[in-house]
Amino acid sequence: MTTAGLIGLCLLSWWYVLDGAGTGMSALAMTTWEFPPPRYQGSADDWSWSYALVMLGMWWVMMVAMMIPSAAPTILLYLRVHRHHQRDAASAPPTLLFLCGYLLAWLLFSIAATLLHWLLERSGLLHSMLMWSSSRALTGALLLLAGVWQLTPLKHTCLIQCRSPAAWLAHRWRPGASGALRMGFHHGLFCVGCCWSLMLLLFAGGVMNLMWIAGLAIVVLLEKLLPRGAWLARIIGALLVAVGIALLTS
């Protein structure tokens with residue numbers, strides 16, 4: 001039942017993204033294989049509060065679509081461990097609260113990303129309609145930032161927590177409903193710490209560019225699930241640094 005619920009949540013999130021996430025445009029219209037994307041002059045349109053909420057919803061739902069597949073093993077393991085503690089396979093575990101805590105962490109990230117989105121549009125560095133970088137310098141800086149973060153000990157520490165759900169649950173276990181919410185939130189913070197710089201690459205390739213959304217989701221999944229995922233993170237980091245420097249110096 002829980003597995004079906006996670007699959008359903010993920011599919012609904014991807015459907016919402018494909019439909020344009022409330023922006024009024026199809027995601028296909030904002031998708032390009034070209035990198036860096038075609039450069040158009042950005043605009044500095046003001047956002048209404050209703051539009052800001054649409055942007056926040058877009059970012060949050062997009063994070064749900066991208067992160068739930070890689071978080072599912074931890075969520076399902078939490079379900080099993082909770083049932084073992086209850087010694088009753090028929091008990092109703094607070095898995096939903098664990099998931100809510102996890103998504104709350106990504107909501108906080110989405111609020112920050114929405115604010116940055118607004119600032120980049122206001123400065124003319126991000127195209128308001130296509131939602132990708134209008135500046136080669138911004139694109140290069142984002143790639144360099146993401147690449148450097150991939151190589152830091154903090155990235156490695158967060159990635160270890162995400163890659164070892166059994167050890168994480170044993171160390172962080174808290175009983176009850178409040179414990180489930182706190183554990184989900186803490187796990188979400190580790191995932192944010194692991195992936196925030198990769199998510200900011202959406203500004204470089206296109207916030208609603210399906211190629212980048214799917215590509216980054218696959219990278220996150222492979223980093224967390226592959227036996228050599230930590231090495232993959234370092235390789236990707238080195239490549240991002242190289243491409244970032246190339247863009248900034250060309």
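Helices α6 and α7 are oblique to each other, a class holding angles that are not under 35 degrees (roughly parallel), over 145 (roughly antiparallel) or 65 to 115 (roughly perpendicular). The model is predicted, and local features need pLDDT of at least 70, side-chain atom pairs count only at pLDDT 80 or more, and totals for chains, interfaces and linings use all residues. Residues are numbered from 1 along each chain as its sequence is written, and side-chain values use heavy atoms, without hydrogens and water.

The axes of α6 (residues 165-172) and α7 (residues 176-205) come within 11 Å and cross at roughly 135°; the crossing is right-handed. Trp168, Leu169 and Arg172 of α6 meet Met183, His186, His187 and Phe190 of α7, contact being defined as heavy atoms within 4.5 Å. The residues of this contact comprise four nonpolar, two polar and one charged.

Serine 250 is located in the segment after α9 (229-249). Helices are DSSP runs (H or I, at least four residues), numbered from the N terminus. Because its relative accessibility is 62%, serine 250 counts as exposed, the cut-off being over 50% with a 1.4 Å probe and protein chains only. The side chain of serine 250 forms a polar contact of 3.1 Å with the side chain of arginine 136, where such a contact is a pair of N or O atoms within 3.5 Å, one able to donate a hydrogen and the other to accept it. The serine 250 side chain also reaches the backbone oxygen of leucine 247 at 3.3 Å. Between serine 250 and alanine 137, the C-alpha to C-alpha distance is 9.9 Å, at a sequence separation of 113 residues.

Methods. Helices (H or I, at least four residues) and strands (E, at least two) are DSSP runs, numbered from the N terminus. Buried means under 20% relative accessible area, exposed over 50%, partly exposed in between (1.4 Å probe, protein chains only). Axes are lines fitted to C-alpha atoms, for helices over the stretch in contact, and angles run from 0 to 180 degrees between N-to-C directions. A crossing is left-handed if the near helix is turned anticlockwise from the far one by less than a right angle, and right-handed if clockwise. Ala, Val, Leu, Ile, Met, Phe, Trp, Tyr, Cys and Pro count as nonpolar, Asp, Glu, Lys and Arg as charged, and the others, Gly among them, as polar.
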